[in-house]
Amino acid sequence: RQPGRPLLQRPLATIAAMAADVAGQQYLFSPLHAVTLAGHYVFAFCLALVAYAASRRLQRQGEEARKRFYAAIDVDDKEDSAATGLSIKARNVDIFDESNLFQYDSAGYILKYNHKNSIASKAALCWKHTIAVVPAMSRRIMVSMAIACIAFAIDASTYLIDAVSLNVNTRDIQDATKFFNSFIGMLLAFYLSKMLSRWWDMRNSTLGRLWGAVDDLCVLMPSHLPGREWCQFRKLVLRYCLLSYELTFMQAQGEDASVDELVEWRLLTEDEADMLRNEPSKPQVVWAWVAGMFSNAHRQGRICNVVLRLFYTKCMDARGGIGATFAYLDTQLPFMYVHLLACLVHAANLIAAMDAGTSAAHYVMDSTDVGGQAPKPTIRLLQVVLQTFFYNAVLEIGQIFSDPLGTDFEDFPRHAWHCFMRNECEAFLKAGELPTTAMRKAADAAGVPQGSPYAQIAQKAPLAGLARRAENVQPAPRAVQTVRVSPPAMGLAPTGVTH
């Protein structure tokens with residue numbers, strides 16, 4: 001305050017005077033404690049920053065790998081008719097296993113992980129594909145630490161201005177922390193259990209239902225629609241099934257407005273793309289096409305009412321699986337429940353951060369505690385970091401599991417499942433067209449009448465002949481015969497059907 005002092009020395013003199021006043025009181029400043037605490041906080045901040053940078057880097061690498069993959073999908077040059085789209089353009093999936101822990105597909109999605117290695121002690125050092133590399137986790141930890149620093153500054157200032165009555169009672173904050181932690185863990189456990197249940201239902205009861213219906217169709221078609229004349233029919237049904245699968249993922253990601261990419265993959269023709277372009281629920285519309293194909297085969301007299309009803313059932317199962325998928329995606333958990341749970345987590349983390357900050361202020365500014373009764377800030381800092389991490393990890397995992405049809409690395413492997421479904425369905429169709437020697441002998445032993453329309457079927461697909469003989473179905477003449485069937489008996493035709 002003396003006019004002769006330089007301007008820079010005035011605030012320094014003021015701080016020195018305040019420190020001298022504090023030194024003359026019972027609250028003594030401890031430089032060693034301050035340096036130790038500052039080192040702890042700097043280390044924690046640096047660790048959070050490194051984790052954030054690593055998570056962002058892994059995220060960008062995954063996005064770039066998927067873009068390169070889908071931009072370089074090879075053309076499957078088969079000799080089938082391109083006009084009907086029977087030449088499916090899709091690369092087979094390649095599986096990589098770099099660390100003996102994960103199996104990846106070509107697009108960078110996780111297919112499987114080694115369960116035994118994932119629970120080993122060395123797996124604790126693995127950050128890749130864990131919740132620790134989610135960028136939001138590092139950000140929230142840094143926010144909690146910033147709140148702790150603010151609480152430290154506010155509480156420490158009360159010592160400097162000699163306002164002891166304004167000191168925060170650390171016991172009250174600790175009691176509040178214990179109160180929140182007593183029930184938040186139970187609420188988070190119930191929330192995570194519910195989200196895991198929804199995730200598995202989306203895999204098993206929705207996409208699994210669609211996948212199972214497609215497999216069943218490919219198993220049944222060679223038996224009821226055999227021969228080379230129905231080869232393109234069977235492959236066209238398979239293409240529509242794979243098209244519906246791809247459109248399901250595209251609609252879930254909000255990318256179904258443009259179907260030009262599917263035309264390039266030969267899952268759609270130009271006229272089919274024009275028909276689908278402005279339609280809602282595109283993956284379900286495709287199953288109306290499939291059902292219409294089986295209806296045409298029925299009108300031609302190639303399948304009976306019972307078989308038609310079986311094919312209709314599979315088509316409805318597939319459409320129902322797609323509808324259930326969007327029922328899960330469009331019907332989320334109630335907002336009030338999720339919002340309340342998030343508010344409780346953020347409030348608990350806020351109080352824990354304030355506890356860490358005030359404990360640090362008491363530890364640094366009050367060195368008269370020789371009995372070790374003052375709270376230790378290192379334990380409080382570790383507590384706020386772990387609590388923020390685990391509480392927010394549960395919220396983040398629930399958010400990830402709520403929509404597994406996205407493009408993140410932890411979502412369902414869309415392209416790998418497409419290839420798995422296509423390969424096994426093609427194997428079903430091939431197995432029905434090429435019977436084994438034992439199957440031919442069994443068909444001969446069954447006594448299929450020579451010269452009948454089913455004789456050729458027995459040579460190529462004897463299971464169909466055996467099934468018709470087991471059902472005591474007589475060979476139909478070449479001319480279509482009209483029979484009268486009552487509606488309750490078959491449940492399909494109104495009064496007259498062609499059989």
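**View 1. Helices α5 and α10 pack against each other in this predicted model.** Axes are lines fitted to C-alpha atoms, for helices over the stretch in contact, and the angle between two of them is taken between N-to-C directions, from 0 to 180 degrees. In these terms, α5 and helix α10, which spans residues 305–330, pack at an angle of about 160 degrees, and their axes lie 9 Å apart. Because angles over 145 degrees count as roughly antiparallel, α5 is described as roughly antiparallel to α10. The crossing of the two helices is left-handed, and their contact is made up, by class, of 16 nonpolar, five polar and six charged residues.

**View 2. Ser197 lies in helix α5.** The helix that holds Ser197 covers residues 170–224, and Ser197 itself counts as partly exposed because its relative accessibility is 36%. Although Ser197 and Phe401 are 204 residues apart along the chain, their C-alpha atoms are separated by 9.5 Å.

**View 3. The largest nonpolar core has 57 residues.** Leu243, Trp287 and Phe294 are the residues with the most contacts inside this core. Several helices give two or more residues to it, including α5, α9 (282–299), α10 and α13 (414–433), while the largest share, 13 residues, comes from α6.

**View 4. Leu243 and its contacts.** When neighbours within four places in sequence are left aside, Leu243 is in contact with Leu262, Leu267, Leu268, Leu276, Val286 and Trp289.

Notes: Residues numbered from 1 in each chain as written. Predicted model: local features only at pLDDT ≥ 70, side-chain atom pairs only at ≥ 80, totals over all residues. Heavy atoms only, no water. Helix = DSSP H or I, 4+ residues; strand = E, 2+ residues; numbered from the N terminus. Buried < 20%, exposed > 50% of the residue type's maximum accessible area, 1.4 Å probe, protein only. Parallel < 35°, antiparallel > 145°, perpendicular 65-115°, else oblique. Left-handed = near helix turned anticlockwise from the far one by under 90°. Nonpolar A, V, L, I, M, F, W, Y, C, P; charged D, E, K, R; others polar. Core = buried A, V, L, I, M, F, W, Y, C linked by side-chain atoms within 4.5 Å. Contact = heavy atoms within 4.5 Å.
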